Amino acid sequence: MPTLPAGPPVISAQQLSKHYGDFKAVDGISFEVPAGESFGLLGPNGAGKSTTMRMIGGVSQRTSGQLTIMGLDPEEHGPEVRAHLGVVPQQDNLDEELKVRDNLLVYGRYFGLPMSYLKPKADELLEFAQLTDKASAKVDALSGGMKRRLTIARSLINEPKILLLDEPTTGLDPQARHILWDRLFRLKESGVTLILTTHYMDEAEQLCDRLVVVDKGQIMAEGSPAQLIRDHSTREVLELRFGSERNTTVAADLQGIGDRLEPLPDRVLIYTHDGEAALEEVTARGLRPITSLVRRSSLEDVFLRLTGRSLVD
Amino acid sequence: MTDRDPAASVQDAAVNQPYRLHAHKPEVSARRARAFGSWYYAEHVLRSMNSYKWTLLASSVGTPVMYLFAMGIGLATLVDQNAAGAFGGVSYLAFIAPALLASATIMIAATEFTYPVMDGFKWRRVYYGPHASPLNTDQIVNGHVIAVTARLTASTIIYFLIVAAFGASPSLTGAAVIPVAVLSGLAFGLPLMAYSASVEEDKGQFALVMRFIVTPLFLFSGTFFPLDTLPVFLRWIGWISPLWHGTELGRALTYGYDLPVWLAVVHVLFLVVLAAIGLRLARSVYARRLGK
């Protein structure tokens, strides 16, 4: 089936909601994902990201709203929808009693794929996931990063056009994360639509063409990483440290510098289009911070601004 | 697809073009999964069992040999000397063989439908893999049941062959005890599967099931002595026990124990209905829990 560049969205959610009793895990979110896009759901723990992913994955029923994947309603066409998808769940659920390669083979069987296809495909995916050496090892002998790579390899066994990744790199060391990002980027290049949740801002900036920030089951903002930074933060941020006792008291003396001021227990943040100029004004007012740092505004600033700094759980 | 250098190494091909082999279309996957999904999952469970096949085989052979020597030879010598004729004119060994056979099947079912179910939902979350695939939850239940049935059948065949080697199944219809024992295992195992699926956290419930359900059933289901010799207030344990119904049928098949046809029908119906209710309950508990 040729993919039409301006075709209908591969995923469309309208006022999608999921309630558990009185708790609104997902509360009326709407978004569309065109084919080939890399779309991210960002949000703190408990924001409703995984619940949304499970509804898209056709394994959890919605309470209300509309949802289609490849034009199909997952509640009416569950097997058809799931046949289009590759799924990387938040928690690995590999069969640890089977060998690495056998995990790929049995998974491929769920799609009715014949062994004549699966055997070379499994070898190819092991190569892709850099696990060829481990093909006949037991899964419980793998490190966390290897298991994650195997889970991603498994999700590709049916050559899905849509890949759902729920916190794909949580708990991995930097090396493993970079290998995974590289692999995901290659998939994106080959035209796979990626839907991913994460609470790593660098991951979102690396991988997502467009993202939504979700909090308390609702969409707080939507756009490309650059656009979100433009809309919800300033170009630069000046970070000043005056020592934990003085940060809040000194804030009064900093009023009027930059666009916005945020005193935190350990430092004061000044949001401004020009960090150096702001710093000059701080010194001009006779204030002597212990350390100062001018940096580009990041997605993390946007995220914290939209979802707050207090702990969620 | 772009043109590729045919000499490019597998690695280059894999890294640059992860989709090289062309799986069949998603529509085909969905159609096949709808038609054969239960078997696909059964295949997976059997492959997992295959990884500890020697343990399974050793217990399938060791258990009957142990019981038949201890009860059927050791205890039987004493029983036959003192109570000859108390067991419908057959040896004590022939009397207990079908009961041991059915109880072994039930014990295996009790193991396969407790901890592995917990493993599927909680410990290693094995069910959530197929759940995200085109399979549906009923097929996951069916597949697990098919695989366990295969294991029960294989073990029961081995057990029966050893029983026969001990000369403890004199009737020609003896081999028909195999499906009866497997049915007994499912009649006990499927309701247990539904219960296991509803257990959110293992706080020793399964150990309690073994100690306070499986063991009493084993002892009070007319296994080692006819149910009639128990006081009336204990006989109900036998009546509700799949083991008793299976054993009564088994005795009729292995040594011609006198069982009226209508009663045989009742025994079979009891087992079938219990298994069917268990399967239905298991499907609904699985659907609820996996679909949260």
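In which hand of crossing does α3(B) pass α4(B)? The crossing of α3(B) past α4(B) is right-handed, where the term left-handed is kept for a near helix turned anticlockwise from the far one by less than a right angle, and right-handed for one turned clockwise.

## Basis of the description

This is a predicted model, in which local features need pLDDT of at least 70 and side-chain atom pairs count only at pLDDT 80 or more, while totals for chains, interfaces and linings use all residues. Residues are numbered from 1 along each chain as its sequence is written, and chains are lettered from A and ligands numbered from 1 in the order in which they are written.

## Chain B and its helix pair

Chain B contains 12 helices and 0 strands, where helices (H or I, at least four residues) and strands (E, at least two) are DSSP runs numbered from the N terminus. Its C-alpha trace spans about 85 × 40 × 35 Å along the principal axes.

Two packed helices are described by the angle between their axes and the distance between the axes. For helix α3 (residues 53-82) and helix α4 (residues 92-112) of chain B, the axes come within 9 Å and cross at roughly 150°; axes are lines fitted to C-alpha atoms, for helices over the stretch in contact, and angles run from 0 to 180 degrees between N-to-C directions. The helices α3(B) and α4(B) are therefore roughly antiparallel to each other, given that angles under 35 degrees count as roughly parallel, over 145 as roughly antiparallel, 65 to 115 as roughly perpendicular and the rest as oblique. Among the residues that make this contact are B:Y67 and B:M71 of α3(B), together with B:I96 and B:L100 of α4(B); two residues are in contact if their C-beta atoms, placed from the backbone, lie within 7 Å. By class, the contact of α3(B) with α4(B) has 11 nonpolar, 2 polar and 1 charged residues, where Ala, Val, Leu, Ile, Met, Phe, Trp, Tyr, Cys and Pro count as nonpolar, Asp, Glu, Lys and Arg as charged, and the others, Gly among them, as polar.

## Where the chains meet

The contact between the chains takes 38 residues from chain A and 42 residues from chain B. On the side of chain B that touches chain A, α1 (10-16), α2 (26-50) and α6 (128-132) each supply at least two residues, and the largest share, 14 residues, comes from α2(B). Sorted by class, this side of chain B has 20 nonpolar, 13 polar and 9 charged residues.

## Domains and sheets of chain A

Chain A is divided into domain 1 (11-224) and domain 2 (234-296), with bounds that come from an automatic or database domain assignment. The centres of the two domains, taken over C-alpha atoms, are separated by 41 Å.

One open sheet of chain A has 3 strands in the order β2-β1-β4, with antiparallel pairing; two strands pair if DSSP finds at least two bridges between them. Strands β2 (23-33) and β4 (64-69) stand at the edges, each with a single partner strand, so one side of each is left without a neighbour in the sheet. Strand β1 (residues 11-20) is joined to β2(A) by 8 bridges, and the bridge partner of A:K18 in β2(A) is A:V26.

Another open sheet of chain A is formed by 4 strands in the order β11-β12-β10-β13, again with antiparallel pairing, and its edge strands are β11 (260-263) and β13 (291-296). Helix α10 (residues 275-284) packs on this sheet, touching β10, β12 and β13 of chain A, and its direction makes about 35° with that of β10(A).
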